[in-house]
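Take a walk through this fold with the model open beside you. Start with the terms, then follow the contacts from one site to the next.

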Amino acid sequence: MDERDKMLSGACLCGAVRFTAKGRFGAVSVCHCAQCRRWHGAPGSYTSVRRDRLVFQNESGLAWYRSSDRARRGFCRDCGTSLFWEETGAPHLALAMGCLDRPTGLREQLHIFTAHKGDYYDIADGLHQWPESHTAGA
Ligand SMILES: [Zn+2]
């Protein structure tokens with residue numbers, strides 16, 4: 001499916017962050033790393049889009065947390081919604097699927113960092129599981 005002209009919109013819980021993104025969206029991955037589990041309170045599902053394709057209608061609540069040497073996480077400082085994961089210098093940004101408005105037309109496609117998953121649930125949807133990142137060295 002050609003996703004080049006797909007348009008998605010998203011927002012935080014209180015509306016202090018609202019955005020649209022138009023472009024090609026990456027495969028939806030479910031991340032089970034300990035950072036995502038803490039940040040979302042659950043595994044985190046993400047798609048990705050070019051940073052320059054993201055347009056904010058409201059970013060008054062947008063704040064960033066430097067979560068590692070190589071990445072930062074965007075969230076709403078007013079309501080706490082988890083929104084973005086951004087690798088320093090990368091052209092693409094990861095969008096948390098949970099903040100997107102329906103219909104997204106997207107489906108989860110793979111699980112990553114499953115070696116770090118919580119011990120309170122099973123992954124039983126048959127999608128491919130990568131013990132670490134699905135891109136070597138990332
Ligand atoms: Zn908010």
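Buried means under 20% relative accessible area, exposed means over 50%, and partly exposed lies in between, using a 1.4 Å probe and protein chains only. This is a predicted model, where local features need pLDDT of at least 70, side-chain atom pairs count only at pLDDT 80 or more, and totals for chains, interfaces and linings use all residues. Residues are numbered from 1 along each chain as its sequence is written, and side-chain values use heavy atoms, with hydrogens and water left out.

Begin at Thr104. Its relative accessibility is 14%, so Thr104 counts as buried. Thr104 sits in the loop between strand E9 (92–96) and strand E10 (108–112). Helices (H or I, at least four residues) and strands (E, at least two) are DSSP runs, numbered from the N terminus. The Thr104 side chain reaches the backbone nitrogen of Leu106 at 3.1 Å. Contact means heavy atoms within 4.5 Å. Setting aside neighbours within four places in sequence, Thr104 is in contact with Lys6, Leu8 and Met97.

Now the metal. Donors are N, O and S atoms within 2.8 Å of the metal (3.2 Å for Na, K and Ca); water is not among the atoms, so sites may look incomplete. For the zinc ion, the protein donors are the SG atoms of Cys12, Cys14, Cys76 and Cys79, at 2.3 to 2.4 Å. Their spacing in sequence is C-x1-C-x61-C-x2-C. Cys14, in the loop between strand E1 (6–11) and strand E2 (18–23), and Cys76, in strand E7 (residues 71–76), link distant parts of the chain, 62 residues apart. Why is the arrangement tetrahedral? The four donor atoms subtend angles of 106 to 114° around the zinc ion, which makes it so. Four donors count as tetrahedral if all angles lie between 85 and 135 degrees. Cys76 is buried at 1% relative accessibility, whereas Cys14 is partly exposed at 45%.

Next, the interior. A nonpolar core is a set of buried Ala, Val, Leu, Ile, Met, Phe, Trp, Tyr and Cys residues joined through side-chain atoms within 4.5 Å. The largest one has 31 residues, and Val17, Phe19, Leu54, Leu83, Phe84 and Leu95 touch the most other members. Elements that each supply at least two residues of this core include E2, helix H1 (34–40), strand E5 (54–58) and strand E8 (82–87). E9 gives the largest share, four residues. In soluble globular proteins, nonpolar side chains tend to be buried together.

Finish with the charged pairs. A salt bridge is a side-chain nitrogen of Lys or Arg within 4 Å of a carboxyl oxygen of Asp or Glu. By this rule there are five salt bridges. In one of them, Asp101 meets Arg18 at 3.6 Å, N to O. Asp101 lies in the loop between E9 and E10 and Arg18 in strand E2, so this pair ties together parts 83 residues apart in sequence. Asp101 is partly exposed at 28%, and Arg18 is partly exposed at 36%.

Which residues are linked in a network of salt bridges? They are Arg51, Arg72 and Glu86. Glu86 meets Arg51 at 2.4 Å, N to O. Glu86 is in strand E8 and Arg51 in the loop between E4 and E5, so parts 35 residues apart in sequence are tied together. Glu86 also meets Arg72 at 2.7 Å, N to O. Arg72 lies in strand E7, so this pair with Glu86 of strand E8 ties together parts 14 residues apart in sequence. Glu86 is buried at 10%. Arg51 is partly exposed at 27%, and Arg72 is partly exposed at 24%.

Notes: A polar contact is a pair of N or O atoms within 3.5 Å; within protein, one must be able to donate a hydrogen and the other to accept it, and residues adjacent in sequence count only if both atoms are side-chain atoms. Four donors count as tetrahedral if all angles lie between 85 and 135 degrees; four count as square planar and six as octahedral if opposite donors are over 155 degrees apart and all others between 65 and 115; anything else is irregular.
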